[in-house]
Amino acid sequence: MNGSNANLLPWVTEKFISAAPRAAAQALAALATHEAVLLLKPLKAEYMVACLEPMDCEKAAAILRRLPSRQAAHVLSRLDLRQAARIFGAFSVPQREKMKTLLPLALQRALEKSAQWPQDSAGAAMTTDFLTFKTEAKLQDIVEKLKTLPRKKLPSACLILSREGQLKGMIRTAELSFYALSSTVGSVMSPVQSVPAQTPLCQAAPLVQQGQPLVPVTDETGLVLGVLKPEQLAAACVQQKKRFGWF
């Protein structure tokens, strides 16, 4: 294969995954692992995630094991939590221990405990892709971070944590322009209410109705494991009402 054709491979693979992620997952799973890695390694995380989420967890784990450790950890952190947990469980013990050194503590806890949460619980439905800042950070730090994200990835709010990682509040992205960028995050943050991971989704929905742009999900120690977004909660409540014949 000449150089020009090799340069086309990532572009063609991205187009295939974008158009038909399940078909792409099946096609890549049928390849030898080293061949799948060759195609996936140059891609952005969003394309790898779209392909690995519907893939058999054993094959997905084999692919991630062949990637550079930091790249593999980044992709794992972007996957649907249930699939990420299955892939994490398919690693050998030494591989899991190595991966833990590259993952945030909250994600480690979520991966280890996800199997314990009911299907219609906050923990099972939450996303682990969210932004946090410490109370002593400056608003300028948030703005600079948001500038690096694509427009469609801009969060509605960022969570604010103490130095120990406990939830202290949130700041809405739309409110950043109201304050001096030299202000500390802790001085302008708003209160936010969280729910334990075992909480049924419909019990978390009223928090969104009260105006929260997202709902933090915590473990028994208060560590923030993930967040629920309004669209997730609305869809979950509709499904639950249909299940019980409420409308």
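Mentor: A residue is called buried when its relative accessible area is under 20%, exposed when that area is over 50%, and partly exposed in between. Please keep in mind that the model is predicted. By this definition, phenylalanine 88 and phenylalanine 91 are both buried. A search of the whole structure finds 1 aromatic pair. In that pair, the ring centres of phenylalanine 88 and phenylalanine 91 lie 6.3 Å apart and the planes meet at 70°, so the arrangement is edge-to-face; the cut-off for that label is an angle over 60 degrees. In general, two numbers describe such a pair, the distance of the centres and the angle of the planes.

Buried residues also occur in helix 9, which spans residues 105–113. Among them are Ala106, Leu107, Ala110 and Leu111, and the buried set also includes Gln108 and Lys113. The buried residues of helix 9 pack against helix 7 (81–90) and helix 8 (93–100), as well as against helix 6 (69–78) and strand 6 (224–228).

The cysteines may be considered next. The count of disulfides is 0. Cysteine 51 takes part in none, and the nearest cysteine sulfur, that of cysteine 57, is 15 Å away, whereas a disulfide requires the sulfur atoms to be within 2.5 Å. Cysteine 51 has a relative accessible area of 0% and is therefore buried, while cysteine 202, at 23%, is partly exposed.

Leu8, Trp11 and Val12 form a nonpolar surface patch of about 310 Å². Leucine 8 belongs to helix 1, residues 3–19, and is partly exposed because its relative accessibility is 44%.

Key
Residues numbered from 1 in each chain as written. Predicted model: local features only at pLDDT ≥ 70, side-chain atom pairs only at ≥ 80, totals over all residues. Heavy atoms only, no water. Buried < 20%, exposed > 50% of the residue type's maximum accessible area, 1.4 Å probe, protein only. Patch = residues over 30% accessible without salt bridge, like charges linked within 9 Å, V, L, I, M, F, W, Y side chains within 5 Å. Areas by Shrake-Rupley, 256 points an atom, 1.4 Å probe, with all protein chains shown as cover. Salt bridge = Lys/Arg side-chain N within 4 Å of Asp/Glu carboxyl O. Helix = DSSP H or I, 4+ residues; strand = E, 2+ residues; numbered from the N terminus. Contact = heavy atoms within 4.5 Å. Phe/Tyr/Trp six-rings, centres within 6.5 Å; stacked < 30°, edge-to-face > 60°.
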